[in-house]
Amino acid sequence: VTPPGVEGITARELAGLGLAPGVPTPGGVPFGAVHGELYAANLMLRTATRVLVRLAEFPARAFYELERKAKRVPWGLVLRPGDPVAFRVTSRKSKLYHLDGIAERLTSSCGGSPGPESTDYTDDTDDSGEPIDSPAAGRAPQLIIVRVFRDLVTISADSSGDLLHRRGYRQALGKAPLRETLAAAMLLTAEYDGTGPLVDPFCGSGTIPIESALIARRIPPGIDRRFAFEHWPSYEPALWESVRAGGRARMLDRAPAPILGWDRDAGAIAAAASNAARAGVGGDVVVAQGAISGLVVPPGPGIIVSNPPYGVRLGEAGDLRDLYARFGRVLRAECPGWRAALLSAAREHDAATGLGFVERWHTSNGGVKVRCSVVDIPVA
Ligand SMILES: C[S@@+](CC[C@H](N)C(=O)[O-])C[C@H]1O[C@@H](n2cnc3c(N)ncnc32)[C@H](O)[C@@H]1O
């Protein structure tokens with residue numbers, strides 16, 4: 001599952017991991033995997049929201065048919081009798097449309113016990129970048145996602161647990177934090193690989209510089225977190241350890257090139273520094289306080305990746321055009337020959353830079369429609 005709009009980037013990531021992606025659908029990319037590859041996808045994917053395992057797909061038009069076919073679903077791969085389980089059911093254009101009724105039938109056939117709902121089970125695409133909510137005491141229920149469409153029932157188990165953008169490092173928040181998966185998607189769209197300098201002139205709580213450092217040092221985004229698949233009866237701990245050890249072995253001690261986060265707000269700079277330290281990349285990310293007009297970049301060319309104020313959430317609509325125009329002038333003067341990728345809420349903002357940004361994808365971040373655009377800044 002990916003943020004809608006970034007499926008193509010996730011597909012490229014999968015291909016890079018040697019996991020041949022199928023044709024993307026809105027909000028997802030299918031792929032086939034054996035257990036170790038499933039673990040690797042959870043560990044390594046920087047732009048995916050979660051990884052689902054398809055358990056079954058069958059037609060059903062009545063509850064008795066659903067119950068009969070549900071008995072043949074291989075629940076034992078992901079659940080032990082009595083394990084807490086939560087069903088998230090959607091139905092469209094189908095005879096079976098009573099969502100609670102579907103969930104009840106499936107709960108009794110899977111042998112699990114209904115677990116408490118957690119906020120993690122709201123719509124993945126509507127995440128506002130809130131701090132991590134660890135489920136209340138005890139173990140989070142195994143999430144099973146059920147889609148019924150034109151009488152075809154598709155049952156999938158969530159192998160990730162907490163959404164994958166929750167890397168665990170971001171506890172100090174700025175004013176309008178960017179989801180980690182979107183920051184990574186912007187960096188991969190700009191073809192950032194860590195070998196050249198990276199600057200975010202509006203870094204806020206530091207999400208883009210921190211994701212840059214993770215890429216530059218080849219740190220798997222999930223290296224320090226837990227996953228739902230670790231509770232599965234089919235879980236192979238030694239295999240997971242070897243996948244994780246393989247990820248660790250490729251990590252670099254230092255980012256090869258400078259990574260700079262810049263913001264005029266002292267609180268944001270403090271948050272960025274503490275988040276970077278928590279992510280283990282405090283030595284790779286330099287943060288500095290200053291307005292965009294005073295931006296000083298390391299010797300380049302490098303890449304600018306940034307998420308300037310939107311206006312929608314920050315309430316600065318009147319001045320935004322000026323701010324983007326100033327940003328454009330600074331980029332032309334300070335960063336000739338660099339590439340820039342920008343996440344903004346309106347075409348007019350990109351246009352105000354005067355740089356000819358071209359949209360590559362759009363999605364939503366915390367309910368705001370945003371677009372990622374890229375330009376190569378001309379050499380004067
Ligand atoms: C949308 S937020 C960036 C959020 C960030 N990507 C994150 O994940 O936290 C925009 C940031 O631009 C900063 N900002 C606004 N005007 C600025 C200016 N003129 N110069 C530098 N920074 C500015 C704000 O302080 C805010 O932190």
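Which residue in β10 is the bridge partner of serine 306? I looked this up first, in a model that is predicted. The partner of serine 306 turned out to be leucine 342.

Entry: I then checked the strands themselves. β9 covers residues 303-306 and β10 covers residues 339-344. Four bridges join them, and the two strands run parallel. I noted for background that strands of a sheet pair through backbone hydrogen bonds, either parallel or antiparallel.

**Entry: the whole sheet.** I traced the strand order as β8-β7-β6-β9-β10-β12-β11. These seven strands make an open sheet with mixed pairing. I looked at the edges next: β8 (285-289) and β11 (358-365) each have a single partner strand, so one side of each lacks a neighbour in the sheet. From one strand to the next, I found an average twist of 20 degrees.

**Entry: helices on the sheet.** I looked up α6, residues 207-216, and found that it lies across β6 (198-200), β7 (259-263), β8 and β9. Its direction is at about 175 degrees to β7.

**Entry: helix α2.** Is α2 mostly covered or mostly uncovered? I found this helix, residues 35-44, mostly covered, with eight of its ten residues buried. Among the buried ones I wrote down Gly36, Leu38, Tyr39 and Met44. I also asked what covers them, and the cover includes α1 (7-16), β1 (52-59) and α7 (237-249).

How values were computed
Residues numbered from 1 in each chain as written. Predicted model: local features only at pLDDT ≥ 70, side-chain atom pairs only at ≥ 80, totals over all residues. Heavy atoms only, no water. Buried < 20%, exposed > 50% of the residue type's maximum accessible area, 1.4 Å probe, protein only. Contact = heavy atoms within 4.5 Å. Pairing = 2+ DSSP bridges. Axes fitted to C-alpha atoms, helices over the stretch in contact; angles between N-to-C directions.
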